[in-house]
Amino acid sequence: MKTGKMIVPAEYTTIDVLSDGRFLLTRYDNQASSFYYADASGTVTPIQTPVKGTYFGMAGDDCFFIGVYAKRPLTAAAQQPAEQYDIPTLVLLDENMKVIRDDIDGACGAASTPHFTNGLMPIQTSSTLWIGSRKGAIGNGTYGLIDKTGRFVGRHDFDELSWTAKAVKSGFRLTLRRKAAGPRRNWKPIGNMIFCFLSIIPG
């Protein structure tokens, strides 16, 4: 930053900064991503990841996602026949290439990925059908919160789970919804919870 000298060649698809000062680099080629570490001196070291797939982005707390694609059922509406399309399962890894979870539901298209907030992340798992279009689809699985070890915190059978944008006192407001009878879009709130301590999540 002082001299403007390039220490890592501009030949990578993405670059992210880790909290220990290293850089996580990726290069996309042949429908998969290769991974590298780089340090402040410009030394680049190839990484062998435990799974092969496409880099999907950082997840906070130095964790990141790799998407592993496979043919999965996608339909435009729940009442219509499904066809097989390439939909990823998201694999969550830490900065040391350790797999935290390998069963997070992904979606078609440029879908956003989950992110750690206050040490917790909402994820969806167990989908058997994706509804929408190839530009964006959502699975029919259920949601729960995981911690940094990948373990669920309390129940994980919710139809929707999201944080509010800002903290409330010493915690965060957590919105939980359970599906009502009828089409999936008819969700009903079952309550808001102020998340201050793990023990208040019912489980």
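Visitor: What should I keep in mind about numbering and confidence before reading the model?
Guide: Residues are numbered from 1 along each chain as its sequence is written, and side-chain values use heavy atoms, with hydrogens and water left out. Because this is a predicted model, local features need pLDDT of at least 70 and side-chain atom pairs count only at pLDDT 80 or more, whereas totals for chains, interfaces and linings use all residues.

Visitor: How many helices and strands does the protein chain have?
Guide: The protein chain has zero helices and 15 strands, where helices (H or I, at least four residues) and strands (E, at least two) are DSSP runs numbered from the N terminus.

Visitor: In what order do the four strands of the open sheet stand?
Guide: Strands of a sheet pair through backbone hydrogen bonds, either parallel or antiparallel. Here the open sheet has the order β1-β2-β3-β4 with antiparallel pairing, two strands being counted as paired if DSSP finds at least two bridges between them. At the edges stand β1 (14–17) and β4 (44–47), each with a single partner strand, so one side of each is left without a neighbour in the sheet.

Visitor: How many bridges join β2 to β3?
Guide: Seven bridges join β2 (residues 23–29) to β3 in the antiparallel sense, and threonine 26 stands opposite phenylalanine 35 in β3. The two strands form a hairpin with two residues between them, and asparagine 30 in the turn has a positive phi of about 55°.

Visitor: Which residues of β4 face tyrosine 36 and tyrosine 37?
Guide: Tyrosine 36 stands opposite proline 46, while the bridge partner of tyrosine 37 is threonine 45. Strand β3 (residues 32–38) pairs with β4 over four bridges, and in their hairpin, which has five residues between the strands, glycine 42 takes a positive phi near 95°.

Visitor: Is β3 largely enclosed or left open by the rest of the structure?
Guide: Five of the seven residues of β3 are buried, so this strand is largely enclosed by the rest of the structure; buried means under 20% relative accessible area, with a 1.4 Å probe and protein chains only. Of the 203 residues of the protein chain, 39% count as buried.

Visitor: Which residues lie nearest the centre of the largest pocket?
Guide: Rolling a probe the size of a water molecule over the atoms shows where empty space is left. The largest pocket is lined by 20 residues, of which Ser112, Pro114, Pro122, Gln124 and Tyr143 lie nearest its centre. On a 1 Å grid over the protein atoms alone, a pocket is an open set of points where a 1.4 Å probe fits, with protein on both sides within 12 Å along at least five of seven lines, and lining residues have an atom within 4 Å of a point.

How values were computed
Buried means under 20% relative accessible area, exposed over 50%, partly exposed in between (1.4 Å probe, protein chains only).
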